[in-house]
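Colleague: I would like to learn how to read a structure like this one, feature by feature. Could we go through the strands and then the ligand site?

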Amino acid sequence: MGERLEGRQVSLWVATAGGTGYPCLDSDLEVDVAVVGGGIAGLTAALALKRAGHTVAVLEAARIGTGVTGHTTGKVTSLHRLVYTELADLHGPDVAGRYGQANQAAIEHIARVVAEEGIDCNFRRVSNYTYAESDDALTRVRDEAALAARLGLPSVFTSDTPLPFAVRGAVRFDGQAQLHAVKYLQGLARAVDGGGSHVLEDSRVTSVRDGVPAVVETGRGTVRAREVIIATNVPVGDGGLFAERCYLHRSYIVACLAPAAPLDGTFISVDEPMRSILAIDVDGSRYVLTGGEGHRAAETADAAVRYRRLAVFSRERLGTRETSFRWSTQDTMPVDGLPYAGTLTPTAGHVHVITGLRKWGLTNGTAAALVLADTLTGRHNPWAAVFDTNRIPATGQAVGKSGHPDQSQPDQPTVAGLRPGEGAVVEIDGEMTAVYAGPAGELLAASAICTHLGCTVAFNADDSTWDCPCHGSRFAADGAVIQGPAAVNLAPRPAPR
Ligand SMILES: Cc1cc2nc3c(=O)[nH]c(=O)nc-3n(C[C@H](O)[C@H](O)[C@H](O)COP(=O)(O)OP(=O)(O)OC[C@H]3O[C@@H](n4cnc5c(N)ncnc54)[C@H](O)[C@@H]3O)c2cc1C
Ligand code: FES
């Protein structure tokens, strides 16, 4: 402990994409469709709707590509570890097959958009592998390969992979891809903006009201639209509906300088600890990304230990050198394994949502966006029922058991013990207060009560944020909301003395 971690704490994608400078919403606007959230789901939907002849406005709270998509691994694939076995067990082979078709279609959609819009985003066709090192995992990859082939997916079983270590066997899907996620999003945004459509940054949406028109409020302006799509990962302003059907899962990634020989393919292990691997050349440097060390966002985590384990794996098994970048992020995991794209509630008329992309949102988010774009333009979409927000849970599914954490406070740290950069929840005058010590030791204080549904936030020392363990809302050190479902900042409190 105490040893400095290698690498800059920023995602490779965010660090190497360059910035964007779209204006914020500072007056009222009318469009056909308002899209809340400038990640892959929101921007894909916005572009598809613009291409279908609608005017759109994308409202992004921060900058394009700074959300979960900017912190992804970058695999564009329909092989999601052992997803077909899992989905066939839960929902039957028909649903598993349609999930696969939707994701295959998403890969081809991304390839087409990259070509048609001329997006320079390191898009590259590769094979994707789920590999096994143990006997048990070998049986599972054999079964997955056979099932996926029966479902019509480009699946084969192989014992031969480009990995620099031997594996017992693997499922291989050919014709998959990888990309630079932020450059792709920036390309989508360029294609959306203009001709009566708008990309607006630094425009946090505080409320969405259904109606004719539907009304989207930000602090500085209002958008009126026929239809609204909420694509904020965790739906902003969700009253608890999706919070009960999804849980948040966090993972960590290190990008290490790679050996000269390219690693051709993307990979994920069946055996634990799970490792996800992708290699990419950016700005003249070759990196290997290794992801894993996932845990429910509600659980506490020693991020430094997790980054070190990933770096050791990368060095020892993949032959990489030092870590250049490290980052972590969290995604929404649907309890029944299927993403959501449809109306926000069963009675909603004009407000739609995309969520539950289960850590495979480059394709799931693209597919979900195309489902909504088809729905809003009156076109049949063959996968709409699989993604339906009002679906009846599969028998035996644990909907509602989204794992709300124990909110008891085991120990009571004191403000006096805080060193610069540290934070703690302390009780001050009977109120749970989130206290952060800035770089010079100055104290910032805010209520520790999450503005979504009232859970107590906890300090995330890795990112210097206040994270809510219940449904994933995140707040900056000063209490400003970063990620929903909360739409409102933590209430300010006087700095303690
Ligand atoms: C570690 C990790 C690795 C992953 N690797 C892969 C991978 O290799 N391949 C793959 O397919 N998937 C991967 N995923 C999953 C994938 O990255 C996500 O599912 C996907 O990027 C989510 O996209 P999104 O558009 O829903 O969310 P986001 O990209 O988070 O976009 C939502 C946007 O909404 C904005 N927003 C939030 N609140 C508001 C508000 N109130 N008003 C306005 N804007 C708001 C946010 O700022 C954000 O930009 C990974 C996930 C993790 C956690
Ligand atoms: S995110 Fe729901 S209570 Fe905090």
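Modeller: We can begin with a pair of strands. Strand E22 (residues 465-467) and strand E23 (residues 474-476) are joined by three bridges and run antiparallel. Keep in mind that this is a predicted model.

Colleague: Which residue of E23 is the bridge partner of Asp467?

Modeller: Arg474 is the partner of Asp467. As a general idea, the strands of a sheet pair through backbone hydrogen bonds, and the pairing is either parallel or antiparallel.

Colleague: What is the order of the strands in the open sheet of four strands?

Modeller: The order is E21-E22-E23-E24, and the pairing is antiparallel. Strand E21 (458-460) and strand E24 (481-483) are at the edges; each has a single partner strand, so one side of each has no neighbour in the sheet. From one strand to the next, the twist averages 35 degrees.

Colleague: Which strands make up the open sheet of three?

Modeller: That sheet has the order E18-E19-E20, again with antiparallel pairing. Its edge strands are strand E18 (423-428) and strand E20 (443-447), each of which pairs on one side only. Neighbouring strands here are turned by 30 degrees against each other on average, direction ignored.

Colleague: How many bridges are there between E18 and E19?

Modeller: Six bridges link E18 to strand E19 (residues 431-437), in the antiparallel sense. One residue pair to look up is Ile428, whose bridge partner in E19 is Glu431.

Colleague: Now a strand with several partners. Is strand E10 mostly covered or mostly exposed?

Modeller: To read this, count the residues that fall under 20% relative accessible area, which is the cut-off for buried. In strand E10 (residues 222-230), seven of the nine residues are buried, so by that cut-off the strand is mostly covered.

Colleague: Which strands pair with E10 in the parallel sense?

Modeller: Strand E1 (residues 29-36) pairs with E10 in parallel over seven bridges. Strand E17 (residues 351-355) also runs parallel to E10, joined by three bridges.

Colleague: What about strand E9, parallel or antiparallel to E10?

Modeller: Strand E9 (residues 214-218) is antiparallel to E10, with four bridges between the two. Ala214 stands opposite Ala225 in E10. E9 and E10 form a hairpin, and three residues lie between them.

Colleague: Why is E15 described as largely enclosed?

Modeller: Because 12 of the 12 residues of E15 are buried, the rest of the structure largely encloses this strand. E15 is joined to E11 by 11 bridges, and the two run antiparallel. In that pairing, Val254 has Arg326 of E15 as its bridge partner.

Colleague: Loops can be read for burial as well. Where is Asp271, and is this residue buried or exposed?

Modeller: Asp271 lies in the loop between strand E12 (266-269) and strand E13 (275-282). Its relative accessibility is 19%, so Asp271 counts as buried. Sequence distance and spatial distance can be read together here: Asp271 and Gly169 are 102 residues apart in sequence, with their C-alpha atoms 12 Å apart in space.

Colleague: On to the ligand. How many residues surround ligand 1?

Modeller: There are 33 residues around ligand 1, and the closest are Glu60, Val68, Thr69, Lys75 and Asp331. By class, the shell consists of 13 nonpolar, 15 polar and five charged residues.

Colleague: Which atoms of ligand 1 lie by polar atoms of Thr69, Gly361 and Gly39?

Modeller: An N or O atom in the Thr69 side chain is 2.5 Å from an oxygen atom of ligand 1. For Gly39, a backbone N or O atom is 3.5 Å from an oxygen atom of the ligand. At Gly361, a polar backbone atom is 3.1 Å from a nitrogen atom of ligand 1. Taken on its own, ligand 1 has 1,000 Å² of accessible area, and the protein covers 96% of this.

Colleague: Which elements give two or more residues to the shell?

Modeller: They are helix H2 (40-51), strand E11 (246-257), strand E15 (323-334) and helix H8 (361-376). H8 gives the largest share, three residues.

Terms used:
Residues are numbered from 1 along each chain as its sequence is written. Chains are lettered from A and ligands numbered from 1 in the order in which they are written. This is a predicted model: local features need pLDDT of at least 70, side-chain atom pairs count only at pLDDT 80 or more; totals for chains, interfaces and linings use all residues. Side-chain values use heavy atoms; hydrogens and water are left out. A residue is near a molecule or strand if one of its heavy atoms lies within 4 Å of it. A polar contact is a pair of N or O atoms within 3.5 Å; within protein, one must be able to donate a hydrogen and the other to accept it, and residues adjacent in sequence count only if both atoms are side-chain atoms. Accessible areas come from the Shrake-Rupley method with a 1.4 Å probe; for residues, only the protein chains shown count as cover. Ala, Val, Leu, Ile, Met, Phe, Trp, Tyr, Cys and Pro count as nonpolar, Asp, Glu, Lys and Arg as charged, and the others, Gly among them, as polar. Two strands pair if DSSP finds at least two bridges between them. Axes are lines fitted to C-alpha atoms, for helices over the stretch in contact, and angles run from 0 to 180 degrees between N-to-C directions. Buried means under 20% relative accessible area, exposed over 50%, partly exposed in between (1.4 Å probe, protein chains only).
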